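Welcome, and thanks for taking a look at this one with me.

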Amino acid sequence: MALILYPGRNTNKNGYKALIAAEYVGVQLKVSEDFEMGVSNKTPEFLKMNPIGKVPVLETPDGPIFESNAIARYVARLKADSPLFGCAPIDYGHIEQWIDFSSLEIDANLRIWFIPRMGYTPYLAPVEEAAISALKRALGALNTHLASNTYLVGHSVTLADIIMTCNLFFGFNCLMTKSFTSEFPHVERYFWTLVNQPKFKKFLGEVKQTEAVPPIQSAKKPSQTKESAKQKGKDEPKKETKKEAPKAEKPADAEEEAPKPKPKNPLDLLPPSKMILDEWKRLYSNTKTNFREVAIKGFWDMYDPEGYSLWFCDYKYNDENTVSFVTMNKVGGFLQRMDLARKYAFGKMLVIGSEPPFKVKGLWLFRGQEIPQFVIDECYDMELYEWTKVDISDEAQKERVNQMIEDYEPFEGQPLLDAKCFK
Amino acid sequence: MALILHARKTNKNTYKIFITAEYSGVEVKLAPNFEMGVSNKTPQYRKMNPIGKVPVLETADGPIFESNAVARYVARLKPDNALYGSSLIVHAQIEQWIDFSTLEIDGNINDWYRPRMGQAPHHPPVEEFKISALRRALGALNTHLASNKYLVGQSLTLADIIMTCNLYRGFTRLMTKSFTSEFPHVERYFWALVNEPNFHKIIGEVKQTEATIPILPQQKPKESAKQAQPK
């Protein structure tokens with residue numbers, strides 16, 4: 001009986017791992033032909049081979065094997081003293097370490113980047129950003145290693161190189177543009193050398209690096225309406241340029257029928273207030289001269305301390321703010337993510353100082369007596385700031401509020417680099 | 001030269017390696033004065049592991065990182081180790097369950113755990129998705145354990161050591177009895193294994209958490225990226 005590989009889609013890089021390994025050890029794998037992804041892997045027979053129903057699976061005369069790395073290891077071992085496993089125990093240890101590294105540090109982060117963009121899971125910009133950051137960290141470490149090594153272990157191709165290259169293939173092919181990978185020149189050199197080895201090329205074919213990050217597609221379920229951010233062309237996803245700040249999301253298995261009425265925001269259930277937030281915002285925006293006498297006075301005239309509260313915020317990590325435009329972008333990103341609170345909040349964020357590190361401080365007006373819980377839950381920047389409720393009976397604090405609303409300079413003795421308004 | 005492990009004593013990845021060593025009759029020592037977030041940032045440490053994560057095993061022939069790789073290496077130091085099985089297919093099945101326990105169980109447990117510990121941003125829809133993926137994996141594991149006492153064959157293998165250590169974090173910090181009661185064979189398997197003498201010697205008394213850990217505020221992003229929580 002032959003060894004039969006069910007790769008899922010024929011272009012699945014996890015299938016290539018086993019095929020390339022087989023090529024190196026001179027073993028023949030038969031690739032299943034009638035396999036239909038999403039159908040064939042849900043049959044009872046398939047689930048007997050792999051109870052979680054994922055692909056690939058290798059059928060052998062002695063039983064089935066799942067998990068692509070395990071399959072590749074099995075295939076590599078079919079030849080005794082396989083060079084794919086190195087010669088000494090320490091080589092073996094190193095091969096295993098790079099196999100695991102390539103799966104957990106490279107592949108895992110590529111997938112977190114990729115899958116939401118394909119619409120299979122909710123897209124959240126900060127999650128994507130964290131994955132890209134972790135991926136860069138891993139590629140940096142790999143780059144360091146490859147600066148003085150042609151292969152991952154020893155002086156020839158081992159199983160670690162096969163698995164690493166297949167995982168990188170997914171990244172180069174679908175996600176990582178030249179400008180992204182140019183930061184890791186040794187990784188680039190390594191990747192292109194390996195994909196052009198005959199045994200790799202036989203299965204991978206001509207490999208082309210993607211010219212753009214794939215756009216964010218709307219969720220696959222038909223009932224999902226709003227999650228697709230329109231991605232304008234390619235860009236390295238940065239916090240600050242994400243235009244569609246994700247609003248509070250429903251779980252992926254949302255209802256199929258017409259959109260339900262939104263659940264009531266608890267702030268709508270508060271007793272009515274004499275202060276109308278929109279009126280304040282209009283006053284703020286329309287006052288061009290005599291700001292202090294007209295807008296600030298008007299603010300305190302309409303302010304309702306029962307229905308609203310004022311808060312100072314102070315960024316906790318100001319020593320990170322070493323580059324001006326990065327700092328300003330950070331604040332911009334925060335304000336975009338606050339979009340969900342627009343009906344219930346007004347804010348001023350100041351970037352303070354003439355030289356780094358710049359200080360970021362803000363003033364916020366919220367409906368209610370507390371910072372709204374849904375804002376804390378949905379806007380992750382909130383945790384990056386210290387929040388203090390303003391005591392309006394304290395004249396000094398009141399004056400500070402005034403200064404922050406009108407962009408008063410110097411603020412606490414320092415010039416303002418930037419002032420952003422959330423309204 | 002003895003084998004020296006740079007790690008925190010009470011981390012489940014450390015347990016993996018020490019339990020494997022116990023079964024294999026191999027001596028591993030914990031590096032003295034290891035301080036998480038400090039010791040793993042030195043240039044010497046980076047030479048051993050360029051990404052600076054923990055654990056790392058120092059051997060006479062060089063260092064090894066990635067906890068599963070270290071466990072495999074330690075197991076292999078004993079010739080014909082029963083932990084590895086005796087035939088190619090058994091070996092492959094051990095590898096498949098090691099990978100499954102890492103990618104399907106540990107991966108999702110960590111993605112649930114780290115944001116709650118303030119080491120990554122917490123997003124309810126993401127957490128929900130990860131818990132759902134974990135349930136799917138536990139369901140598959142439960143099915144397998146309905147007719148198997150161990151993951152592979154008739155006796156304990158390296159797959160069981162790694163799986164149990166990965167489940168440990170789930171049981172003790174995240175998954176309450178009402179959560180795991182949906183997977184009775186997994187429960188039975190876990191409790192049987194943590195009470196085996198070689199496991200008990202290293203891990204000690206195990207108690208299932210009464211509640212999922214609460215969500216802590218996010219720590220300084222830079223620090224938490226560098227002090228990577230060992231996987």
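This is a predicted model: local features need pLDDT of at least 70, side-chain atom pairs count only at pLDDT 80 or more; totals for chains, interfaces and linings use all residues.

1. Residues are numbered from 1 along each chain as its sequence is written, chains are lettered from A and ligands numbered from 1 in the order in which they are written, and side-chain values use heavy atoms, with hydrogens and water left out.

2. Let's begin with the interface. Chain B contributes 51 residues and chain A 46 residues to the contact (heavy atoms within 4.5 Å). Together the two chains bury about 4,600 Å², with 64% of it on carbon and sulfur atoms; buried area is the accessible area (1.4 Å probe) that two parts lose on being put together, summed over both.

3. Which side chain of chain A meets Arg72(B) in a salt bridge? The partner is Glu96(A), at 3.5 Å from N to O. Six salt bridges are found across the interface of chain B and chain A, each being a side-chain nitrogen of Lys or Arg within 4 Å of a carboxyl oxygen of Asp or Glu.

4. Over all chains, the count of salt bridges comes to 33. One within chain A joins the side chains of Asp107(A) and Lys13(A) at 3.0 Å, N to O. Asp107(A) sits in helix 4 (residues 89-117) of chain A and Lys13(A) in helix 1 (residues 13-25) of chain A, so this pair ties together parts 94 residues apart in sequence. Helices here are DSSP runs (H or I, at least four residues), numbered from the N terminus.

5. Now for a crossing pair: the axes of helix 5 (residues 125-147) and helix 8 (residues 185-195) of chain A come within 7 Å and cross at roughly 70°. Axes are lines fitted to C-alpha atoms, for helices over the stretch in contact, and angles run from 0 to 180 degrees between N-to-C directions. That makes helix 5 of chain A roughly perpendicular to helix 8 of chain A (65 to 115 degrees). Among the residues that meet are Leu139(A) and Leu142(A) in helix 5, and Val187(A) and Tyr190(A) in helix 8.

6. Finally, helix 10 (residues 277-286) and helix 11 (residues 291-302) of chain A have axes that come within 10 Å and cross at roughly 175°. These two helices are therefore roughly antiparallel to each other (over 145 degrees). Their contact includes Trp280(A) and Leu283(A) from helix 10, and Phe291(A) and Phe299(A) from helix 11.

Key: Angles under 35 degrees count as roughly parallel, over 145 as roughly antiparallel, 65 to 115 as roughly perpendicular and the rest as oblique.
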